[in-house]
Amino acid sequence: MKAFIFDLNGTMIDDMSYHTSAWEDILNNDLGGNFSYEQVKQNMYGKNSEVLVRMFGENYFSDEQMTALSFEKERRYQSAFLPKLQLLPGLSEFLETAYLQNIPMAIASAAIPFNINFVLDNLNIRKYFSAVVSADDVEISKPHPETFLKAAELLGMPPAECVVFEDAPKGAEAAANAHMQCIVLTTTHQTEEFSYLSNILNFSSDYTSDYLKDLLV
Ligand SMILES: O=P(O)(O)OC[C@H]1O[C@@H](O)[C@H](O)[C@@H](O)[C@@H]1O
């Protein structure tokens with residue numbers, strides 16, 4: 001394995017419950033939906049516009065409405081999560097070691113640049129990543145492979161030499177669709193939820209596991 005591709009939310013930072021709450025607030029309180037927390041959690045993968053279409057159907061919102069709702073959801077998420085914003089345990093050291101070993105690294109996220117910048121700039125970790133793929137860079141988000149294939153292309157690496165770090169079944173599925181192996185961070189989902197996939201190398205709760213330490217020696 002020659003390159004690392006990181007999903008962002010839930011994989012580098014433990015923030016998925018904040019996304020779920022922000023979505024729940026917008027979908028139910030602003031848009032009059034009646035979705036349970038669990039329904040929101042299971043359906044909020046991919047781009048924000050894809051989430052809105054999944055929940056309310058095609059052509060329910062205009063593109064302008066979806067863009068405005070997307071930013072409003074992220075504003076609520078950011079203001080709630082900012083006091084807790086930090087990398088998962090061990091990730092700071094992991095990134096620094098991989099960087100010193102010249103391992104090419106990319107971010108490949110379904111989030112909009114507004115959120116990716118929120119994380120990279122507040123945590124001052126932009127220098128580690130030679131490529132960043134956001135929602136705005138792809139036609140179709142995860143579980144479609146486009147996000148990860150684009151990251152590999154920007155890194156100049158064949159997919160087979162890229163290892164993906166993910167927290168979500170739909171993200172790990174996107175990695176499988178891109179013919180990439182995947183390490184799962186169990187911040188948000190149970191290991192059984194990934195049992196339909198055959199590209200999972202390891203499950204770790206954070207970046208202090210022996211498996212991840214051994215990856216860099
Ligand atoms: O692809 P990532 O980095 O896990 O980001 C996914 C999340 O990004 C958020 O911005 C979306 O609102 C969520 O619905 C989505 O699940």
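Colleague: What covers the buried residues of α8?

Modeller: The cover includes α7 (146-155), β4 (162-166), β5 (181-185) and β6 (200-204). Cover here is contact, meaning heavy atoms within 4.5 Å. Helices (H or I, at least four residues) and strands (E, at least two) are DSSP runs, numbered from the N terminus.

Colleague: Some ground rules first, please.

Modeller: This is a predicted model: local features need pLDDT of at least 70, side-chain atom pairs count only at pLDDT 80 or more, and totals for chains, interfaces and linings use all residues. Residues are numbered from 1 along each chain as its sequence is written, and side-chain values use heavy atoms, with hydrogens and water left out.

Colleague: Back to α8. Which of its residues are buried?

Modeller: In α8 (residues 169-177) they are P169, G171, A172, E173, A174 and A175. Buried means under 20% relative accessible area, exposed over 50%, partly exposed in between (1.4 Å probe, protein chains only).

Colleague: And what follows α8?

Modeller: H179, with a positive phi near 60°. H179 sits in the loop between α8 and β5. Its relative accessibility is 66%, so H179 counts as exposed.

Colleague: Where is N102, and what is its phi?

Modeller: N102 is in the loop between α5 (91-100) and β2. Its phi is positive, near 60°, and the residue is not a glycine. N102 counts as exposed because its relative accessibility is 65%.

Colleague: Which residues does the cis peptide bond join?

Modeller: K142 and P143, with omega about 15°. P143 lies in the loop between β3 and α7.

Colleague: Now helix packing. At what angle do α4 and α6 cross?

Modeller: Roughly 20°, with the axes of α4 (residues 63-81) and α6 (residues 113-122) coming within 10 Å. That makes α4 roughly parallel to α6. Axes are lines fitted to C-alpha atoms, for helices over the stretch in contact, and angles run from 0 to 180 degrees between N-to-C directions. Under 35 degrees counts as roughly parallel, over 145 as roughly antiparallel, 65 to 115 as roughly perpendicular and the rest as oblique.

Colleague: Which residues make that contact?

Modeller: From α4, F71, E74, R75, Y77, Q78 and F81; from α6, F114, N115 and F118.

Colleague: Which residues of α6 are buried, and under what?

Modeller: N115, I116, F118, V119 and L120 are buried. Their cover includes α1 (16-30), α4, β2 (105-108) and β3 (131-133). Just after α6, N124 has a positive phi of about 55°.

Colleague: How do α1 and α4 sit, parallel or oblique?

Modeller: Oblique. The axes come within 9 Å and cross at roughly 135°. On the α1 side the contact residues include Y18, A22, W23 and I26, and on the α4 side they include L69, Y77, A80 and F81.

Colleague: Last topic. How many disulfides are there?

Modeller: The count is 0, where a disulfide is a pair of cysteine sulfur atoms within 2.5 Å. C162 is in none, and the nearest cysteine sulfur, in C182, is 12 Å away. That is too far for a bond.

Colleague: Are those two cysteines buried or exposed?

Modeller: C162 is buried, at 1% relative accessibility. C182 is buried too, with a relative accessible area of 0%.
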